[in-house]
Amino acid sequence: FKGGDTCEYLLSSGRFLGEKVWQPHSCMMHKYKNSEAKNCLIDKHIVFIGDSRIRQLFYSFIKLINPQVKEEGNKHGNIPFEDKSASIKVDFLWYPEVNGSMRQRIKSWTEGSVAKPHIIVAGAATWSIKIHNGSNEALTQYKINITSIAPLLEKLAKSSDVYWVLQDPVYEDMLSESRKMITNEKIDAYNEAAVRILNSSSRNSKAKVKVFSVSKLIAQETIMKSADGLHLPESSRDTNAMILMNVYCNKIMKPIDGSCCQPQPPLTLIQKLAFCFFTLSIIGYLIINLIHRNNYRKNKSCTDLESGEEKKPAISTPNVSTLEMLLHSFCKLGLIMTYFYLCDRANLFMKENKFYTHSSFFIPIVYILVLGVFYTENTKETKVLNREQTDEWKGWMQLVILIYHISGASTFLPVYMHIRVLVAAYLFQTGYGHFSYFWIKGDFGVYRVCQVLFRLNFLVVVLCVVMDRPYQFYYFVPLVTVWFMIIYATLAIWPQIVQKKANGNCLWHFGLLLKLICLLTCIYFLSYSQGAFEKIFSFWPLSKCFELNGNVYEWWFRWKLDRYVVFYGMLFAFIYLALQKHQMISEGKGDPLFSNRVSNVLLFISIVSFLTYSIWASSCKNKTECNELHPSVSVVQILAFILIRNIPGYVRSVYSSFFAWFGKISLELFICQYHIWLAADTKGILVLIPGYPMFNVLVSTFIFVCVAHEISQITNDLAQIVVPKDNSTLLKRLLCIAGFFSGLLLFSAMQDQSRH
């Protein structure tokens, strides 16, 4: 389903999500703040011309600029408004009927003697119905008058934005006796006349009077809450004003979460080069594939005419070459990236705003937990945090985070705080896993570092190029990348202390603890010295990686939020491996981790700690204050979960293969959701099938998971080619990669210069 003209949809159709949240058909509406409204309307003159309903819209509109404005003054007269700080003028002109007076005022703007307003919002009808007691003659005269005004409005529409507001329905039971003649039947007749006559002389012209008909839909749902049956309640008026602001300002301000009325962004130079590269990869793969097929046909076994036996070919089918594998991977990746671009950059598919309800978050959570328990299998090994268990942990956490994102649950503080613990748990695993590897293996070679960095960053680098987004936008990958390098540097710098060396002399354990204390000191210093942190990451070319919206504040905030948890992961790994070495824990199948008494005590403490943290997180009132405490206390729930999951022998011996499967592609799921499951860079929801929300989620989820799985396989295949084990070959590849990034920085600088 093509997105179509989202401006037209915004002005004409939509539905309510809950009681007060309006969802336009096919696109997302941005909620404008006062500062944004002023920036958009700077040096603009806006005119509202019409009756009391237009006056209501006028007040709601100017409150978006200045919330302190009060509805006072002459109700049946002109009302001026001016914001001198932004040079914005907004006038309400009292013309309750479409008549000669209104025509004369509109005509004055077309003649050039008076400056034309930049935006004109007009509409009237109920007074004509009321004054003439709903007579047919009044309707005939209305048609004549609007016919005379229409060409003037169409002429103004060539240089200004002109909106004609259709009449909202009334709640007839609440109307006073003096308004009983204003019926919905009469209103429909007047609206029909306005729609038929307006733009009749400019059907094929781009300059048209925009018919503001969405107000009718909003009124149908809310008019029963009206105070007098005629005028809309305040929340509905505010929605209409916000729609008006989106129609005009989205193309100027280009908010990420305001896809309505936004034109498709032009392709950048880097995006064009990426398109050419993927196109050549697809063509190259097809050519090689055709050559191999032809060779296979030539060498295919043929029947001997004399004996009737098949002769086998002398040459066997050739193995897949490195070049073919490379082109095959880039061919698939090119098709996948096309889908990414169509979903979240081209105006092809629809997008909608998120709307949080408790059921939209908790029901899917219960559903996936039941599925996870259903797919329970025995683990291959029963060690603490074995591979299957960590994959399972990553899997269910990733699924919960995905549900959290699509349901918009960040608005509910208790859920937000628990999700922050899940993100911290990922980083805890980063500290635990990488420390364990370096400590046990003692492998600090370049190959290992390059493999990890490639697997973490490949997809994000491709998306930065294709989707024209900064590296820091995908904040989690920079976070785990930097922490991996910190872990590596901590353990690799002299003296290199590994388990093999420490087993020979216990003093080396104290040396390692000293290194960890130095690391903790550095983390503490940087977390309370924003200036020093920003200076480190503001140096070029680091600034190109970590800047977002022109500064590194977002990067500092993300890093600071979970600053201690990687250190906790490293410390936990050190303590666990030391206990394991000295045989102080029992990891046999079905055996509790410690003696029964110790296990029971630790299990009780863990359950109490886990629940205590949940109670504290659920009682959070202020996000800022809770975020300040989070880095220090999140480890409580993480350690409690690890002990609950590993102390009982039976629990440690089983895992959920369902969650583990998702855990193996958790990084790809986290990154891909930005563009092909959610929309507008996670601010909204992708709509492949409009009108059927549940079916849409099922279809988009299926595609999203398949794509993430395919990208995981492509990354693994390319990692073997791009990062070979041979050091001399690896060095050449690293020089090529350095050249690629140098070119990327050069083209990026050229793009920035052209934009400015």
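Two strands pair if DSSP finds at least two bridges between them. Helices (H or I, at least four residues) and strands (E, at least two) are DSSP runs, numbered from the N terminus. The model is predicted: local features need pLDDT of at least 70, side-chain atom pairs count only at pLDDT 80 or more, and totals for chains, interfaces and linings use all residues. Residues are numbered from 1 along each chain as its sequence is written, and side-chain values use heavy atoms, with hydrogens and water left out.

**Exercise 1.** Describe the open sheet of 6 strands.

Solution. 
1. The strand order is 4-5-3-6-7-8, and the pairing is mixed.
2. Strand 4 (79–83) and strand 8 (210–212) each pair on one side only, as edge strands.
3. Neighbouring strands are turned by 15° against each other on average, direction ignored.

**Exercise 2.** Work out how strand 3 pairs with strand 5 and where helix 3 lies.

Solution. 
1. Strand 3 (residues 45–50) and strand 5 (residues 88–94) run in the parallel sense over 6 bridges.
2. H45 has K89 in strand 5 as its bridge partner.
3. Helix 3 (residues 52–65) lies across strands including strand 3 and strand 5, and runs at about 165° to strand 5. Angles run from 0 to 180 degrees between N-to-C directions, with axes fitted to C-alpha atoms, for helices over the stretch in contact (heavy atoms within 4.5 Å).
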